[in-house]
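Here is a short report for a reader meeting this structure for the first time. Please look over the sequence and the 3D view, then read on.

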Amino acid sequence: MNAGFKSPIALAVAAAISTGALIAAPSVVTAAGKTPGKYVAGDFHNHTTCSDGSISMQKLIKKATDKVDTAWGLDWFVQAGHGGNGFRNCTLVEDATLDSPAYPFVSGKGPTTTWDQSGVTPKGDVVVEGATSAVPGAHDMWRWQSIQEFQYPLVEYFNRYKNLPLFIGLESVIPGHEHSSMSVITGQIPASLDSTPVPTGPGYTAVGNSTALAKWEYCFDRADGDTSRGASNQWDCSVTGSANTTDPNWNATAAKIVQPSGTGHGTVGHQKSVESLKWLAQNAATESYYAPAHLERAGPFNPDGDNGYNVESLRDFNNAAPSSAFGMESQPGHGASSNRGEYQVKRNTINGVKVDTVGGTTYGGTGVYAGQVGGVWDALLGEGRNFWFFASSDWHNRGSFGPDDRRSTQDFYPGEYQRTYVMVRNGTDKIRPQMIVDGLRTGNAFSAQGQLIDRLALVACASYAGPAAKSNAAVEALAVNAATNDTDIDVAGCATMGQKLQVRPGAEVVVSIVVRDPAGTNYSPYTFANPSLTQIGVTRPLNMPVLDHIDMIQGLVSGYKVPGSADYAGEWPRNTTWLHDDGTTSDLSVVPAAAKNTSAHVIKTFNGSGSTPWTQVSSSVDGSTFLKMTYRIPAVQASQYVRLRGTNMPPSVPFESDANGNPLSDVYTNQNDTKMLSIPCTVAHSTGSQFDGCPDHLATATVVAGSPYTSPIPNQKAVSFDVAAWSDLWFYSNPIYVEVAGGTLVAGIK
């Protein structure tokens, strides 16, 4: 997969060119001498039958990590289901191919077997499945017990048995909001596991434990209504310095805050979520992470319900626990669903009124908070916060297809479509949970869909007139070395993703980017031409995407917003105030000051042609082709950041990108509203295959009389579901901060 085409946009800041030797200048806050590491790909949000998924723990681990049967196998994996309870035993496997010594296949008992049928008695307050359940009368197990006694031991066993970096997490049901991907790794996968013999027969006794995570789930998950204090655990959910027993919502029997119902319960729930983060800060500050998941999906924050997140919600979380609440999943899973990411117009009901997902839909598969330049993510970065971008699969099932079918009308497996690459500094050691969590916390990470890129080096160095000048070639050499070796830099006067570069006023900042658009095919099963690109006369197979352009985005840093100030809180515009009935959007003028950073803009677009195209370089490590490019930010006077995004979509692709290459709303490919479907899929598949042409499950566009939008392709098969996702690919990097001496401090990066 090679370079594409895009004309450069007008530059907001003129580039100044200087040359000279690479000489040490002011140092990066993260000092030299870092433990060596690599970028490794992983996923921390996915589901099994222990919550609302469709397959066993073992099958999901195999699908996510196997690099033979499933070529997209990840380097690390966190199994994480919903908090609350469930009645199915996800530690039982589907068939003999998933048999292992400690967890053998049991004929007639697969992962939908109930806990009762497994001979297990759930602990705590008794919850029984109702008449509408698949198994009425089945006893539910609270997630804290499932994690502590069943799921963690299995994950620990497979960590040892397969020598894979696995641990257990949670997609918590968050009080006052929807969901958050999180974990507490205290006690998990201890080093002593390395020397523990692997069992050769049924049964496994864990060496470590997930008690801290189980306690957190009991104490703070909105869906966990147990009041038993974790049965024999007898947990106390008090938070040092908080009201605890004097809180009006404290339940003495449960020893925890119980969120009330009715008016104001969203506000009380949010306060409980903040308490949960205070608990993490006090008990697992460096051994936890907490990333709001698909955070735009459930709509804006609702003081009287449990809906989504406003910008102030994220600020509150980051303020309470900056070492744990350091990011978000604004590139959600469910990429093949009828609404990409399950983001939907009028999806939610707030106080009796239908309300859109924030932004109404996704934009190139990314939520509006990050997908809109100058939006909520840029507002947070504009404060100098450590708040990072992550992606996940949110695997549940294949929709109308079985779990082994490559087609999907719902989800992709972890690693199959999108993944987060994180710098893990393991040196000569094996990869361990703490290293993964530490890597996520640093923000030295990037996320990509459809294997658009699999290597990235983003390097910024300070350059001064005279002997401290740095040439483009010298900085590019650092980036090339990092990218070709799949690592980062460790050079004084330079920084990479998640770091800050401290410079004197007037410095030039030389930014070099090196990426690899991997050759050959990606993991898409479809071999026919990308229908979106066919619209503009480009013929390129869906499974062989090509990077078209990379945008460098710059924003100024103005410092932290103060709680209670006028620009601390603000809701993204609802419904048609933002997303219009014809699929177009408003601009940032309708967004409140708290939720935007108007200084953020694209300062440079790189592509394969134009006045300053990227250039190819061959790796001295494996001979693969990389793309390198450099931009100089002249005479820096104010603290700022730069970040990247890139795509396979050229500018002005109908219903995919605008004239500047920005992603358009995904309503034109969302099957949920067929009158909006607008991109035809015309290649007929052969008799024996659903993959060499437009598959049968794609939706058909319709026309509705009187609608404000008329599909240009009535009664035609349209790009939708998984084909829509494989057609339109994006990657996002986390930022590099530049802190100017005497200017605004980038306070979130130490």
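This is a predicted model: local features need pLDDT of at least 70, side-chain atom pairs count only at pLDDT 80 or more; totals for chains, interfaces and linings use all residues.

**Overall build**

The protein chain has 11 helices and 26 strands. Its C-alpha trace spans about 75 × 60 × 55 Å along the principal axes. A compact globule of 750 residues would have a radius of gyration near 27 Å. The protein chain has 25 Å, which agrees.

Buried residues make up 62% of the 750 residues. Consider the contacts between residues at least 6 apart in sequence: 76% of them join residues at least 24 apart.

Charge comes next. There are 51 positive and 66 negative side chains in the protein chain. The centres of the two sets lie 5 Å apart.

**The nonpolar cores**

The largest nonpolar core has 169 residues. Trp216, Ile513 and Trp572 have the most contacts inside it. Helix H2, residues 143-161, gives the most to this core, with 8 residues.

A second, separate core has 15 residues. Among them are Ala457, Cys461, Ala482 and Cys494.

What does isoleucine 513 touch, leaving aside its neighbours within four places in sequence? Its contacts include Leu456, Ala457 and Leu458. They also include Ile550, Met552, Phe606 and Leu627. Lys628, Met629 and Leu644 are on the list as well.

**An enclosed helix**

Helix H8 covers residues 433-442. Of its 10 residues, 7 are buried, so H8 is largely enclosed by the rest of the structure. The buried ones are Pro433, Met435, Ile436, Val437, Gly439, Leu440 and Arg441.

Which strands do the buried residues of H8 pack against? They are S2 (76-82), S5 (166-173), S9 (288-292), S13 (388-391) and S14 (418-424). Glycine 443 follows H8, and its phi is positive, near 80°.

Most residues other than glycine have a negative phi. Alanine 635 has a positive one, near 40°. Alanine 635 sits in strand S23, residues 625-636. Serine 652 also has a positive phi, near 60°. Serine 652 lies in the loop between S24 and H11.

| Residue | Relative accessible area | Class |
|---|---|---|
| Serine 733 | 0% | buried |
| Lysine 63 | 15% | buried |
| Serine 652 | 43% | partly exposed |
| Alanine 635 | 45% | partly exposed |
| Alanine 684 | 65% | exposed |

Start with serine 733. This residue is in strand S25, residues 730-733. Why does serine 733 count as buried? Its relative accessibility is 0%, and buried means under 20%. Not counting residues up to four places away in sequence, serine 733 touches Trp377, Ala445, Phe446, Leu456, Leu458, Met497, Arg643 and Leu644.

Lysine 63 is in helix H1, residues 57-65. Is lysine 63 buried or exposed? Lysine 63 is buried, with a relative accessible area of 15%. Beyond residues up to four places away, lysine 63 touches Thr70, Trp72, Pro403, Asp404 and Tyr413. Proline 403 and lysine 63 are 340 residues apart in sequence. In space, C-alpha to C-alpha, they are 9.8 Å apart.

Alanine 684 is an exposed residue, at 65% relative accessible area. Where does alanine 684 lie? Its place is the loop between strand S24 (640-647) and helix H11 (721-727). Serine 652 lies in the loop between S24 and H11 as well. Alanine 684 touches Asp692 and Gly693, with residues up to four places away not counted. Glycine 608 is 76 residues apart from alanine 684 along the chain. The C-alpha atoms of these two are separated by 32 Å.

Methods. Residues are numbered from 1 along each chain as its sequence is written. Side-chain values use heavy atoms; hydrogens and water are left out. Helices (H or I, at least four residues) and strands (E, at least two) are DSSP runs, numbered from the N terminus. The radius of gyration is taken over C-alpha atoms; the globule rule is 2.2 Å times the number of residues to the power 0.38. Buried means under 20% relative accessible area, exposed over 50%, partly exposed in between (1.4 Å probe, protein chains only). Contact means heavy atoms within 4.5 Å. Lys and Arg count as positive and Asp and Glu as negative; His and the chain ends are not counted. The place of a charge is taken as NZ of Lys, CZ of Arg, CG of Asp or CD of Glu. A nonpolar core is a set of buried Ala, Val, Leu, Ile, Met, Phe, Trp, Tyr and Cys residues joined through side-chain atoms within 4.5 Å.
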